[in-house]
Amino acid sequence: MGVLFFCSFQVLAQNWQDKQWLRLGVYRSTLFGYESEADDSSFFASPDGKTNPKKELKALIKRLNEVEPDPKKNIHCRFPARVRWLKKYMQVPESPVVCEDYLKFKNRLAAKSISVVFSSYYPNNPGSTFGHTFIRLEKQKHEDRDQDSTATELLDTGINYGALTEGAGPVLFAIGGLAGWFYGNYNAVPYYYKVREYNDFETRDLWSYQLDMNQEEIDLIVDHIWELGHTKFDYFFLTENCSYHVLSILESARPTLHLHDHLPRLYTIPSETLKALEAERIVRKITFRPAASTQFYHQLGMLDKKEKKAVKELVFKNIAVPDFSPERKALVYDTALSLVDYKYAKKILKGDEEAQNIKRPLLVARSKIPVRSEELDFTEKMAEAPHLTHGQKRLAVTYLNRDSKNLMDFEWRFAFHDMLDNDLGYPPKTKLDIMKAIVRTDGDHYQLRDFSFLDVMQLGKWDEFNRASSWKAKLGHWQTRYKGKDLATEGFTAGYGISRGFNMFTPFALAHIESSYVSETLHKYKFGYGADVGLLTEFNYAWKLWNTLEWRVHPWDETRFVNEIRYSNQSFGLGGFYNTFLIDGVAETGLRIFKYL
Amino acid sequence: MKFILVVIAIMISSAAMAARPYGMAGCGLGSQMMGKEGNQILAATTNGTGTQTFGISSGTSNCVTATEQTAMIRNFIEANYASLVTDMAKGQGDSVKTLSNFYGCDTAAFATEMKANYEKITPAKENATAVMANINDVIDHSATLSTSCMHAI
């Protein structure tokens, strides 16, 4: 007993600062020492555990000898990951009770492999650009699954961290999520629920990043998730969100992983966490699961004009499919079924009768065609994997000439993407600028030219199968042109309209309104309206051209013709522009260099 | 919107409870996964878990903890209904493959039989219990499946 006491004293002294111990306790170093991100006393063995990892370890060691018959309270059952870690350094007494719930959980998961799954943006929703990640614990080793043609992922387990937002309305949701008013917790769901939720219901693509981790590490992760699952955390949408916690879990299993080091302290963006996984070289393989819409457009792309027409007529007018060959007929029906799944996603999941009445005849007819569908090939999608996106921060330096004056603009953008940036991995024809500032100088004076809290624009997909509108919104500070002068203005603008894609050309037209305050010189409220009529030309992911007539006549004429061409890749870009005010012909011509970070 | 979904799902499931021997609200996505939703845009970004059903500490949903074969199969059919019936009509897919594994059948043979008996197996109105019963029937009467499926019920 004396020896045991001495050993534990040694262990305590040497290991309370052990990286893995701190990670298992989700401790962060602060000015005063350490603080755990967990917010429930049940996460700690010691009442001081939240701020004292040394006391926590001492309490853990001491309480392992407790004879606590209730598995819900017994230390062995509550902290299997920590006990597992401790066994590396000392002899640990066996648990006096059978940890039934923990064992049931462990057996249910039967985890042999692990992946990080990213659910991508969904169509016509720029806000979803942020993305989401969760963990999938798999019932087969990756290598075994590669060889097994009967293998499926659907019975694997999804481990998801999210905010508990019950009852919150949209405004509370937004503010609360940022301010940390909600708690977040973990849930463990059969992966098929996640597939239905993301692929089907929300029509979002799923990307699986298979990780290289051994059984010991996976066992520790399962144990750690059990510990985490019984506590709650303050949920911070921007910082300690889903992706942040995913990385923390992975780091707890392997002390040599430093995933968080690749990310800024002040915020965590899910797609950026995927880049961290790649940088730490733990990704073994990436697989792709298409959203309902992705699947539909992929199948549509395999059809010729007559077959596309047949799909449309079958779904919208119930007109029988012409006498194509069985293989082509099967493909037409498959495409039609995908279209129904996409258009009626929410209704189908609710078991809505109307949706079922549309779908069932198609299904019955398809079942009678004696052709088995081919598995769809999405290999080309790998080139658009979310870890390949351009960095979401952007710096730009512009050299311009305006009215014979030479000027320079310095621009910084916090997140994410605009119409002319390289859109590989990003939702197409979308602008989502968050916190962007432009400072202009003529060499002597500096002026804040433009500042957006939010500047969003979406050119909705409008084709024979889809009717998504186009819209825009901006909140911030800009310059109003009044009697030949530029005046500082704050407020918001919004617009609504349509656009349609014709190969690489997307013409658009949006009505425009403005509600603002001209804070310089005039000190007047300003309500304006107008229209944007323009053309987005996308030669490929990298080369884009923008031409727009910004028609503004009320309360005074500020109509402008804006033209910009840009080349950009994942790390830098180059552009040229020519803008002119039609009323007086004052023009800006310039060259712009971009760096994506 | 998800809140309405939950309310509707609960109302529908209460009405149909007589036909549901398993679980309270059924195991479909609508009744199990969807918590309350403040706003589509923001819900997509925070992925709020509005429901405690699958919480690791609570985790008492029969939809995931059932270990009995019949319950597991029925839960799977219900939660993956739309995808499953589509796969069966096509003769291939993840959902029908997973179902085949539950029964221990050869995937290709199972999918073929499901496709051949499609109209018989799938009722006009969504019903997981009926589908399972029909599948069991088809397996029993199938020359290929009745002998080769290792875990036929």
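A:Asn318 sits in the loop between helix 14 (305–317) and helix 15 (326–343) of chain A. Helices (H or I, at least four residues) and strands (E, at least two) are DSSP runs, numbered from the N terminus. This is a predicted model: local features need pLDDT of at least 70, side-chain atom pairs count only at pLDDT 80 or more, and totals for chains, interfaces and linings use all residues. Residues are numbered from 1 along each chain as its sequence is written, while chains are lettered from A and ligands numbered from 1 in the order in which they are written.

- Most residues other than glycine have a negative phi, and most peptide bonds are trans.
- A:Asn318 is not a glycine, yet its phi is positive, about 60°.
- A:Asn318 counts as exposed, with 10 C-beta neighbours inside 10 Å. (Exposed means 12 or fewer other C-beta atoms within 10 Å of the residue's own, buried means 20 or more, and partly exposed lies in between; C-beta atoms are placed from the backbone.)
- A:Thr203 also has a positive phi, near 40°.
- A:Thr203 lies in the loop between helix 9 (191–201) and strand 7 (206–211) of chain A.
- A:Thr203 is buried, with 23 other C-beta atoms within 10 Å.

**Cis peptide bonds**

- The bond joining A:Ala415 and A:Phe416 is cis, with omega about -15°.
- A:Phe416 belongs to strand 11 (residues 405–417) of chain A.
- A cis bond also runs from A:His554 to A:Pro555, where omega is near 0°.
- A:Pro555 is in the loop between strand 20 (543–554) and strand 21 (560–568) of chain A.

**Paired strands and hairpins**

- Two strands pair if DSSP finds at least two bridges between them.
- In chain A, strand 16 (residues 470–482) pairs antiparallel with strand 17 (residues 485–499) over 13 bridges.
- A:Lys472 has A:Gly495 in strand 17 of chain A as its bridge partner.
- Strands 16 and 17 of chain A form a hairpin with two residues between them. In that turn, A:Lys483 has a positive phi of about 50°.
- Strand 17 of chain A also runs antiparallel to strand 18 (residues 505–518) of chain A, joined by 11 bridges.
- A:Ala494 stands opposite A:Ile513 in strand 18 of chain A.
- Strands 17 and 18 of chain A form a hairpin with five residues between them. Its turn holds A:Asn503, with a positive phi of about 50°.

**Domains**

- Chain A splits into domain 1 (2–97), domain 2 (109–289), domain 3 (295–377) and domain 4 (389–596). The bounds come from an automatic or database domain assignment.
- Between domain 1 and domain 4 of chain A, the C-alpha centres lie 55 Å apart.
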